Amino acid sequence: VNSSDTRSSMMRVLCVLALASAIEAAGLGAMPNLRLRGGSKFSAMPASVKPGVLYGDAVKDLLQHAKDNCYAIPAVNCVTSSSINQVLEAAKKFNSPVMIQFSNGGSQFYAGKTIASPADTLQGCVLGAIAGALHVKQMAEHYGVPVVLHTDHCAKKLLPWFDGMLDADEKHFKEHGTPLFSSHMLDLSEEPHDENIATCTKYLERMAKIHCLLEMEIGITGGEEDGVNNEDVKTEDLYSKPEEVMQVVEAFSKVPNAMYTIAAAFGNVHGVYKSGNVKLSPEILGQAQAYIKEKTGSTEDKPVFFVFHGGSGSEKDKITEALKYGVVKMNIDTDIQWAAWDGVRAFEAANHDYLQGQIGNPEGADKPNKKFYDPRNWIRKSEEAAVARLGEAFADLNSVGVLA
């Protein structure tokens, strides 16, 4: 990449960040702060947790509330402004806090597939993630729900993407006192265990200074997602050991003001598979919690914030069991992708004869069809189907009514 290209790329990032500053400085349509109370079966929501994007202690307080009340926060991958809106709509409808997250591929899609992402900067992916974050920040409080703004799996080859987003976080922190994103995930689970922990610790030191939470992964989540294929990994690599979790806790506890979650493997698989093909063992998380409590002398029975990856298609009893062992976040992607498509499919099936041309349908050869092919109609059907399926996922995670 020549120097002029690099300067041009950096100017695009600076322009996007300048837009963020302008939005916050102008306080466009800002809503008054609202206090949220816990639903009837939940304890009161911490005072720090308010509608809008959460940062720092507010994120940690929400995760603690989830752990104490045995629910998990739904974490939904988004790739367009429409998919962001449907998640916010679902969170409002079902009175649940939510995480909106962007994968590397999803970030590139948000920016536009023709925006260049050279391997040394992954600039298009950085720009797309920033653009998505700005949309969430502008809209979240207007839906009246607390949102954790997160980025998903970042493998070693994608570290330039991570670095670019942290640059944006640090710039935003300097100007506004918060990072741009609430949290980020590093997924170095395919690297040697010691290297995984050492690299994550280095990044955590940087993130802790701006009150940004790190999610890390040990063990391997099977299946395939966003171009990362782990379908042929050894079975034993799908299950983390308590000692491995403890090594993470020991390393991270040395970082001042560290905030982190751990995606420990307990048989998780990305995608959807036939029942019986995936053996989830949530009790592994319980064993790890007990081990860490003993080794650290913690007064908590569940000292670690765990994350559940590969949640789509999981057996509901296994989800419930995982919640008991300190899972505070579960990723939801594949099931929502299908629901969004199914909404479009059903709309097309019901209106097939009105979608074969701009003019002409069963009502007459000269009748227009614009109201059927207008994207606002069929995209809305996709959103409605996704919102309904998200409600089912929220119920599985016991988060419905947390904000009621």
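**Entry 1: Lys-171 and Glu-175**

I looked up Lys-171 and Glu-175 and found their side chains joined in a salt bridge, 2.6 Å from N to O. I note that this is a predicted model. Both residues sit in helix 6, four residues apart, so about one helical turn separates them. I checked the accessibility of each partner. Lys-171 is partly exposed, with a relative accessible area of 24%. Glu-175 has 41% relative accessibility and also counts as partly exposed.

**Entry 2: helix 6 against helix 7**

I stayed with helix 6, which covers residues 159–176, and turned to helix 7, residues 193–208. How do their axes cross? They come within 11 Å and cross at roughly 15°. An angle under 35 degrees counts as roughly parallel, so helix 6 runs roughly parallel to helix 7. The crossing of helix 6 past helix 7 is left-handed.

I then listed the residues in contact. Helix 6 contributes Leu-159, Phe-162, Asp-163, Leu-166, Asp-167 and Glu-170. Helix 7 contributes Tyr-203, Arg-206 and Met-207. Sorted by class, this contact has five nonpolar and four charged residues, and no polar ones.

**Entry 3: Lys-67 and Glu-300**

I searched the whole structure for salt bridges and got 18. I picked out the one between Lys-67 and Glu-300, where the closest N and O atoms are 3.5 Å apart.

Lys-67 has 2%, so Lys-67 counts as buried. Glu-300 has 29% and therefore counts as partly exposed.

I went on to Glu-392 and Arg-389. Their side chains meet in a salt bridge at 3.9 Å, N to O. Both are in helix 13, residues 375–396. They are three residues apart, which means a separation of about one helical turn. Glu-392 is partly exposed, at 38% relative accessible area.

Notes. Residues numbered from 1 in each chain as written. Predicted model: local features only at pLDDT ≥ 70, side-chain atom pairs only at ≥ 80, totals over all residues. Heavy atoms only, no water. Axes fitted to C-alpha atoms, helices over the stretch in contact; angles between N-to-C directions. Helix = DSSP H or I, 4+ residues; strand = E, 2+ residues; numbered from the N terminus. Parallel < 35°, antiparallel > 145°, perpendicular 65-115°, else oblique. Left-handed = near helix turned anticlockwise from the far one by under 90°. Contact = heavy atoms within 4.5 Å. Nonpolar A, V, L, I, M, F, W, Y, C, P; charged D, E, K, R; others polar. Salt bridge = Lys/Arg side-chain N within 4 Å of Asp/Glu carboxyl O. Buried < 20%, exposed > 50% of the residue type's maximum accessible area, 1.4 Å probe, protein only.
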